Amino acid sequence: MGWPGAPLSGALFGLALGVIAAIGDLTASMFKRDAGLKDFGMLFPGHGGVLDRFDSYIFTGPFVFFFVKHALPFLAAAAAAAGP
């Protein structure tokens, strides 16, 4: 399919992904503070557990799915309608 509007849409996607990953990380930290936990587990001592390694994916996974499933086809259709 390609990446429609490659330079701009790719840069905006990367920027949005970074912001959303930080929001996912902060959300998991908020849940830990509310529960009175320091770490989500002891599998990785000193690193906070498995979920602490992957907490940024809480929101990035759904965002990437939405972007690839809906936004990219929309951008491709808009680019095709605009012409060369």
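Modeller: Of the protein's 84 residues, 24% count as buried, where buried means under 20% relative accessible area, exposed means over 50%, and partly exposed is what lies in between (1.4 Å probe, protein chains only). Bear in mind that this is a predicted model, in which local features need pLDDT of at least 70 and side-chain atom pairs count only at pLDDT 80 or more, while totals for chains, interfaces and linings use all residues. Residues are numbered from 1 along each chain as its sequence is written, and side-chain values use heavy atoms, leaving out hydrogens and water.

The protein has three helices and zero strands, running α-α-α from the N terminus on.

Now for your patch. Leu-15, Val-19, Ile-23, Ile-58 and Phe-59 make a nonpolar one of about 430 Å². Two or more of its residues come from each of α1 (6–35) and α3 (57–82), and α1 gives the largest share, three residues. To join a patch, a residue needs over 30% relative accessible area and no salt bridge; nonpolar side chains (Val, Leu, Ile, Met, Phe, Trp, Tyr) are joined within 5 Å, like charges within 9 Å. A salt bridge is a Lys or Arg side-chain nitrogen within 4 Å of an Asp or Glu carboxyl oxygen.

Take Ile-58, which sits in helix α3. Its relative accessible area is 35%, so Ile-58 is partly exposed. Another α3 residue is Ala-78, and at 39% Ala-78 counts as partly exposed as well. Though Ala-78 and Pro-4 are 74 residues apart along the chain, their C-alpha atoms are separated by 9.0 Å.

Ser-9 counts as buried because its relative accessibility is 10%. Neighbours within four places in sequence aside, Ser-9 is in contact with Trp-3, Pro-4, Phe-67 and Leu-75, contact meaning heavy atoms within 4.5 Å. For the whole protein, 61% of the contacts with a separation of 6 or more are between residues 24 or more positions apart.

Technical notes. Accessible areas come from the Shrake-Rupley method with a 1.4 Å probe; for residues, only the protein chains shown count as cover. Helices (H or I, at least four residues) and strands (E, at least two) are DSSP runs, numbered from the N terminus.
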